[in-house]
Amino acid sequence: MTRTEVAALLDHRLTALARRDIAAVMQMHTADCIVESPLGGNATGHEAIRKVYEAWLAAFPDAEWAVEPPIVDGDRVAQATTVTGSDIGGFMGLPPTGKRFTLPIVFLLVVRDGRIHYERRIYDFTGLLIQLGVLKAKPA
(Lines give C-alpha, C1' and ligand atoms only; values in the text may rest on other atoms or scores of the structure.)
Protein backbone atom coordinates (compact mmCIF):
# COMPACT_ATOMS: atom_id res chain seq x y z
CA MET A 1 0.00 0.00 0.00
CA THR A 2 1.07 3.55 -0.59
CA ARG A 3 1.40 6.04 2.22
CA THR A 4 -1.77 7.74 0.96
CA GLU A 5 -3.69 4.44 1.04
CA VAL A 6 -2.49 3.66 4.57
CA ALA A 7 -3.48 7.15 5.75
CA ALA A 8 -6.92 6.67 4.16
CA LEU A 9 -7.33 3.30 5.94
CA LEU A 10 -6.48 4.88 9.29
CA ASP A 11 -8.77 7.85 8.63
CA HIS A 12 -11.57 5.42 7.79
CA ARG A 13 -10.93 3.56 11.07
CA LEU A 14 -11.06 6.84 13.02
CA THR A 15 -14.35 7.78 11.35
CA ALA A 16 -15.82 4.34 12.12
CA LEU A 17 -14.71 4.61 15.76
CA ALA A 18 -16.26 8.07 16.04
CA ARG A 19 -19.54 6.57 14.75
CA ARG A 20 -19.10 3.60 17.15
CA ASP A 21 -19.38 1.32 14.11
CA ILE A 22 -17.43 -1.71 15.34
CA ALA A 23 -18.51 -3.80 12.33
CA ALA A 24 -16.84 -1.28 10.02
CA VAL A 25 -13.72 -1.20 12.23
CA MET A 26 -13.47 -4.99 12.07
CA GLN A 27 -13.59 -4.91 8.26
CA MET A 28 -10.29 -3.03 8.42
CA HIS A 29 -8.54 -5.96 10.16
CA THR A 30 -7.44 -9.20 8.54
CA ALA A 31 -9.27 -12.31 9.74
CA ASP A 32 -6.15 -13.47 11.60
CA CYS A 33 -5.17 -10.05 12.93
CA ILE A 34 -3.41 -9.78 16.29
CA VAL A 35 -3.94 -6.83 18.63
CA GLU A 36 -1.69 -6.42 21.67
CA SER A 37 -2.63 -3.88 24.33
CA PRO A 38 -2.20 -3.34 28.06
CA LEU A 39 -5.97 -3.51 28.60
CA GLY A 40 -6.96 -6.20 26.10
CA GLY A 41 -3.87 -8.39 26.33
CA ASN A 42 -3.25 -10.39 23.15
CA ALA A 43 -6.38 -10.70 21.03
CA THR A 44 -6.33 -12.75 17.82
CA GLY A 45 -9.09 -12.81 15.23
CA HIS A 46 -12.17 -10.71 14.68
CA GLU A 47 -14.23 -12.01 17.61
CA ALA A 48 -11.53 -11.38 20.22
CA ILE A 49 -10.57 -8.00 18.77
CA ARG A 50 -14.21 -6.91 18.54
CA LYS A 51 -14.56 -7.61 22.28
CA VAL A 52 -11.57 -5.35 23.04
CA TYR A 53 -13.12 -2.46 21.08
CA GLU A 54 -16.53 -3.05 22.66
CA ALA A 55 -15.10 -3.12 26.20
CA TRP A 56 -13.27 0.17 25.60
CA LEU A 57 -16.31 1.92 24.15
CA ALA A 58 -18.60 0.55 26.88
CA ALA A 59 -16.31 1.95 29.58
CA PHE A 60 -15.63 5.24 27.78
CA PRO A 61 -18.61 5.93 25.50
CA ASP A 62 -17.57 9.57 25.03
CA ALA A 63 -14.01 8.70 23.94
CA GLU A 64 -12.53 10.92 21.24
CA TRP A 65 -9.31 10.39 19.32
CA ALA A 66 -6.91 13.09 18.12
CA VAL A 67 -4.43 11.52 15.72
CA GLU A 68 -1.11 12.58 14.29
CA PRO A 69 -0.25 11.80 10.66
CA PRO A 70 1.04 8.23 10.39
CA ILE A 71 4.66 7.35 9.76
CA VAL A 72 4.69 4.72 7.02
CA ASP A 73 7.65 2.51 6.10
CA GLY A 74 6.50 -0.11 3.63
CA ASP A 75 3.96 -2.30 5.44
CA ARG A 76 4.90 -0.93 8.88
CA VAL A 77 3.09 2.04 10.37
CA ALA A 78 3.38 4.11 13.54
CA GLN A 79 0.76 6.60 14.63
CA ALA A 80 0.62 8.77 17.73
CA THR A 81 -2.86 9.38 19.12
CA THR A 82 -4.34 11.07 22.15
CA VAL A 83 -7.61 9.69 23.51
CA THR A 84 -9.79 11.71 25.85
CA GLY A 85 -12.94 10.61 27.57
CA SER A 86 -14.73 9.85 30.82
CA ASP A 87 -15.22 6.71 32.87
CA ILE A 88 -18.98 6.67 32.35
CA GLY A 89 -19.61 2.98 31.73
CA GLY A 90 -17.37 1.39 34.35
CA PHE A 91 -13.89 0.10 33.64
CA MET A 92 -12.61 -3.44 34.20
CA GLY A 93 -15.73 -4.44 36.12
CA LEU A 94 -15.47 -1.49 38.50
CA PRO A 95 -18.24 1.07 38.99
CA PRO A 96 -17.91 4.23 36.88
CA THR A 97 -15.91 7.03 38.47
CA GLY A 98 -17.14 9.73 36.09
CA LYS A 99 -13.56 11.03 35.93
CA ARG A 100 -12.03 12.41 32.75
CA PHE A 101 -8.78 11.14 31.26
CA THR A 102 -6.27 12.05 28.59
CA LEU A 103 -4.25 9.14 27.29
CA PRO A 104 -1.42 9.36 24.75
CA ILE A 105 -1.20 6.13 22.73
CA VAL A 106 1.20 4.94 20.05
CA PHE A 107 -0.13 2.42 17.56
CA LEU A 108 2.41 0.20 15.80
CA LEU A 109 0.82 -1.56 12.85
CA VAL A 110 1.59 -4.01 10.09
CA VAL A 111 -0.69 -3.63 7.07
CA ARG A 112 -1.32 -6.48 4.61
CA ASP A 113 -3.63 -6.60 1.62
CA GLY A 114 -5.19 -3.26 2.52
CA ARG A 115 -6.04 -4.22 6.11
CA ILE A 116 -4.48 -4.12 9.55
CA HIS A 117 -2.75 -7.44 10.18
CA TYR A 118 -0.98 -6.61 13.46
CA GLU A 119 -1.55 -3.82 15.96
CA ARG A 120 0.37 -3.04 19.11
CA ARG A 121 -0.97 -0.32 21.40
CA ILE A 122 1.53 1.35 23.71
CA TYR A 123 0.21 3.52 26.53
CA ASP A 124 0.62 4.21 30.24
CA PHE A 125 -2.00 1.89 31.74
CA THR A 126 -1.04 2.79 35.32
CA GLY A 127 -1.36 6.48 34.48
CA LEU A 128 -4.85 5.82 33.12
CA LEU A 129 -5.84 4.04 36.34
CA ILE A 130 -4.55 6.98 38.39
CA GLN A 131 -6.51 9.48 36.28
CA LEU A 132 -9.67 7.41 36.76
CA GLY A 133 -9.13 7.28 40.52
CA VAL A 134 -8.74 3.49 40.55
CA LEU A 135 -5.16 3.81 41.86
CA LYS A 136 -3.66 6.49 44.05
CA ALA A 137 -0.30 8.03 43.23
CA LYS A 138 2.27 8.52 45.96
CA PRO A 139 3.22 12.15 46.53
CA ALA A 140 6.65 13.00 45.17
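D62 is partly exposed, with a relative accessible area of 25%, where buried means under 20% relative accessible area, exposed over 50% and partly exposed in between (1.4 Å probe, protein chains only). This is a predicted model, in which local features need pLDDT of at least 70 and side-chain atom pairs count only at pLDDT 80 or more, whereas totals for chains, interfaces and linings use all residues. Residues are numbered from 1 along each chain as its sequence is written, and side-chain values use heavy atoms, with hydrogens and water left out.

**Salt bridges**

- Side chains of opposite charge can pair when their charged atoms come close.
- Six salt bridges are counted, each being a side-chain nitrogen of Lys or Arg within 4 Å of a carboxyl oxygen of Asp or Glu.
- One of them joins the side chains of D62 and R100, at 3.2 Å from N to O. R100 lies in strand 6 (residues 100-112) and D62 in the loop between helix 3 and strand 3, so this pair ties together parts that are 38 residues apart in sequence.
- Helices (H or I, at least four residues) and strands (E, at least two) are DSSP runs, numbered from the N terminus.
- R50 forms a salt bridge with E47, with 2.2 Å between the closest N and O atoms, and both residues lie in helix 3 (residues 46-59), three residues apart, which is about one turn of the helix.
- Both partners are partly exposed, R50 with a relative accessible area of 24% and E47 at 44% relative accessibility.
- The side chains of R121 and E119 also meet in a salt bridge, at 2.6 Å from N to O, and here R121 counts as buried at 13% relative accessibility, while E119 is buried with a relative accessible area of 0%. Salt bridges that share partners join R13, E119 and R121 into one network.

**Helix 1**

- Helix 1 (residues 3-18) has 16 residues and reaches 23 Å from its first C-alpha to its last, close to the expected 22 Å, the expected span being 1.5 Å times one less than the number of residues.
- The buried residues of helix 1 are V6, A7, L9, L10, R13, A16 and L17, and the helix is followed by R20, whose phi is positive, near 65°.

**The loop at E68**

- E68 sits in the loop between strand 3 (64-67) and strand 4 (71-73), and E68 is partly exposed, with a relative accessible area of 47%.
- Not counting residues up to four places away in sequence, E68 touches Q79 and A80, contact meaning heavy atoms within 4.5 Å.
- E68 and Q79 are eleven residues apart in sequence, and their C-alpha atoms are 6.3 Å apart in space.
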